[in-house]
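Reader: Please show me the chain and its fold. I will then ask about single residues and the elements they belong to.

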Amino acid sequence: MLPPLFRLFRTPLTRYMLVRRVFAESRSMPQGLTAAYAEPWADVDRARTLPELLKQWDPAELAAFSGIAVGRVRVVAGRQDRRVQLDDARRWAGCLGGTFTILDGCGHSAPEERPEAIAAFLRELLARTESETTEVDRG
């Protein structure tokens, strides 16, 4: 019963979830984002999976990945993230041997809320990676 009902109300429900659980402030949501997130749930098979996805969220499961050699890591957390607690994100950065950054004015969706900050982090990572690459590495 839920999937057909969800499909009918997918846009207002998606907006509600984005405003209440993802973004720090509703005015920071890019125009058209609600429609982009809601559209896939028009499909009945995808709509059936949504309740399962919401029930399965468990940050503790990330512990299974700790200790994996992943190279340079920066964990970025939004100060207003209502999905992942700052202490959990900080611990995760420690498990990965990475750095930890908190973004003010940001919730759970840093790439969409603070794209300029994420772009700066990626440029920094790329610059460091390029400076560490040797002639042999470049082939």
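Reader: Between which two helices is phenylalanine 9 found?
Author: This is a predicted model, in which local features need pLDDT of at least 70, side-chain atom pairs count only at pLDDT 80 or more, and totals for chains, interfaces and linings use all residues. Residues are numbered from 1 along each chain as its sequence is written, and side-chain values use heavy atoms, with hydrogens and water left out. Helices (H or I, at least four residues) and strands (E, at least two) are DSSP runs, numbered from the N terminus. Phenylalanine 9 sits in the loop between helix H1 (2–8) and helix H2 (10–22).

Reader: Is phenylalanine 9 buried, partly exposed or exposed?
Author: Buried means under 20% relative accessible area, exposed over 50%, and partly exposed in between (1.4 Å probe, protein chains only). Phenylalanine 9 has a relative accessible area of 44%, so the class is partly exposed.

Reader: Which residues make the nonpolar surface patch of about 400 Å²?
Author: Patches are made of residues with over 30% relative accessible area and no salt bridge; like charges are joined within 9 Å, and nonpolar side chains (Val, Leu, Ile, Met, Phe, Trp, Tyr) within 5 Å. A salt bridge is a side-chain nitrogen of Lys or Arg within 4 Å of a carboxyl oxygen of Asp or Glu. Accessible areas come from the Shrake-Rupley method with a 1.4 Å probe, and for residues only the protein chains shown count as cover. The patch is made by Leu5, Leu8, Phe9 and Leu13.

Reader: Is threonine 34 buried or exposed?
Author: Threonine 34 is part of helix H3 (residues 33–38). Beyond neighbours within four places in sequence, threonine 34 is in contact with Thr11, Thr14, Arg15, Leu18 and Met29. The relative accessible area of threonine 34 is 11%, so this residue is buried.

Reader: In which sense do strand E1 and strand E2 pair?
Author: Two strands pair if DSSP finds at least two bridges between them. Strand E1 (residues 74–78) and strand E2 (residues 99–103) are joined over 5 bridges. Valine 75 has phenylalanine 100 in E2 as its bridge partner, and valine 76 stands opposite threonine 101 in E2. The sense of the pairing is parallel.

Reader: Which hand does the β-α-β unit have?
Author: The unit is made by E1, helix H5 (residues 86–96) and E2. A crossover is right-handed if, with the strands pointing away from the viewer, the path from the first strand over the helix to the second runs clockwise. The hand of this unit is right-handed.

Reader: How far apart are N and O in the salt bridge of arginine 91 and aspartate 88?
Author: Both residues lie in helix H5, 3 residues apart, about one turn of the helix. Aspartate 88 counts as partly exposed because its relative accessibility is 27%. The distance from N to O between these side chains is 2.3 Å.

Reader: Which residue does the side chain of arginine 114 meet in a salt bridge?
Author: Arginine 114 is partly exposed at 23% relative accessibility. The salt bridge spans 2.7 Å, N to O, and the partner is glutamate 116.

Reader: Which residues do salt bridges that share partners join into one network?
Author: Glutamate 124 forms a salt bridge with arginine 128, with the closest N and O atoms 2.5 Å apart. Glutamate 124 and arginine 128 both lie in helix H7 (residues 115–132), 4 residues apart, about one turn of the helix. Through shared partners, the network joins Arg74, Glu124 and Arg128.

Reader: How many salt bridges does the structure hold?
Author: The pairs discussed include arginine 91 with aspartate 88 and arginine 114 with glutamate 116. For the structure, the number of salt bridges is 6.

How values were computed
Contact = heavy atoms within 4.5 Å.
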